[in-house]
Amino acid sequence: MMWTISPNVQRLVLSALAPVIELLAPPRCGICDCEGALLCQACRALWIPTRPEPVPATGLRAAAALGPYEGGLGTAIRTLKYGGVPGLARELGAALRPAIAHVARNAPFQATLVPIPTDQSRVHERGFDHALLIAEAAGLACGAPVAQLLVRTRPTPPLHTAHRDERAAILDGVMATAEAATLPAAVVLIDDVRTSGATMREAARALHASGVQWVAGVSVAYER
Ligand SMILES: [Zn+2]
């Protein structure tokens, strides 16, 4: 008798085993693929800056990123999300510390780090929520609280294939604050890639609508 395992079950097993696989396999660099560490010293020196880059603060008090998506940061993000290496989120999240300090320097209160909510079908597919993992690692590195305050009000198609005007329509009203969430006065939004700034603007709109006064944003990379 042949056993057939449904793709859903395969995914469940793989995502349950991911931490074990990560422990057993020698780590490889998420950018150059050399063996030894999730981000090797050479790639760290080349792609992870000590000073963040300010980016246009569309609807936010301030915004910053580590650097452009083209190059090592984009490779690391793709390895994390599509190559199934959640451990890279720890490295990228911790690297956000100076960027968070930079945007939060004028915050009137201690800022809570809030990940941009990921579409649930993508979380299910990958077995992890990359933005949440990055925010948690950043919170640990900064000693800042992390809270998943935002939810998506409907599923959305992937944004990177959508045209700029389509994006605005896709994102319009797509986020809301989670029911029963206790809202902080100041928030730093955390995302992987900033494209037009429309996602951060929508997140800030939802937070402001619920009474959050001060919102800034940090992403790992920006697209030019
Ligand atoms: Zn490397």
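## A zinc loop and a buried strand

Gly36 lies in the loop between helix 1 and helix 2 (helices are DSSP runs of H or I of at least four residues and strands are runs of E of at least two, both numbered from the N terminus). This is a predicted model, where local features need pLDDT of at least 70 and side-chain atom pairs count only at pLDDT 80 or more, while totals for chains, interfaces and linings use all residues. Residues are numbered from 1 along each chain as its sequence is written, and side-chain values use heavy atoms, without hydrogens and water.

Let us stay with that loop for a moment. The C-alpha atom of Gly36 sits 6.5 Å from that of Pro26, although the two residues are 10 apart along the chain. Asp33 belongs to the loop between helix 1 and helix 2 as well. Its backbone deserves a look: Asp33 is not a glycine, yet its phi is positive, near 70 degrees. Most residues other than glycine have a negative phi.

Which residues hold the zinc ion? Its protein donors (N, O and S atoms within 2.8 Å of the metal, with water not among the atoms) are the SG atoms of Cys29, Cys32, Cys40 and Cys43, at 2.3 to 2.4 Å. Along the sequence, these donor residues follow the spacing C-x2-C-x7-C-x2-C. Cys29 and Cys40 link distant parts of the chain: they are 11 residues apart, and each lies in the loop between helix 1 (7-24) and helix 2 (41-47). The arrangement of the 4 donor atoms is tetrahedral, because the angles they subtend around the zinc ion are 103 to 118 degrees (the cut-off is all angles between 85 and 135 degrees). Both Cys29 and Cys40 are buried (under 20% relative accessible area, whereas exposed is over 50% and partly exposed is in between, using a 1.4 Å probe and protein chains only).

| Residue | Relative accessibility | Class |
|---|---|---|
| Asp33 | 45% | partly exposed |
| Gly36 | 54% | exposed |
| Ala180 | 81% | exposed |

Now for strand 7, which spans residues 214-222: 9 of its 9 residues are buried, so the rest of the structure largely encloses this strand. Which strands pair with it (at least two DSSP bridges between them)? Strand 2 (residues 63-68) runs parallel to strand 7 and is joined to it by 5 bridges, with Ala65 opposite Ser219. Strand 6 (residues 186-194) is also parallel to strand 7, with 8 bridges between them, and here Val193 stands opposite Ala221.

Our last stop is helix 8, at residues 164-171, where Arg167, Ile170 and Leu171 are the buried residues. Viewed down the helix axis, the buried residues of helix 8 fall within an arc of 85 degrees, so they line one face (the arc is taken from the directions from the axis to the C-beta atoms). Asp165 and Ala169, on the other side of helix 8, are exposed. Just after helix 8 comes Gly173, whose phi is positive at about 70 degrees.

Definitions and conventions:
Donors = N, O, S within 2.8 Å, 3.2 Å for Na, K, Ca; no water. Tetrahedral: all angles 85-135°; square planar, octahedral: opposite > 155°, others 65-115°. Pairing = 2+ DSSP bridges.
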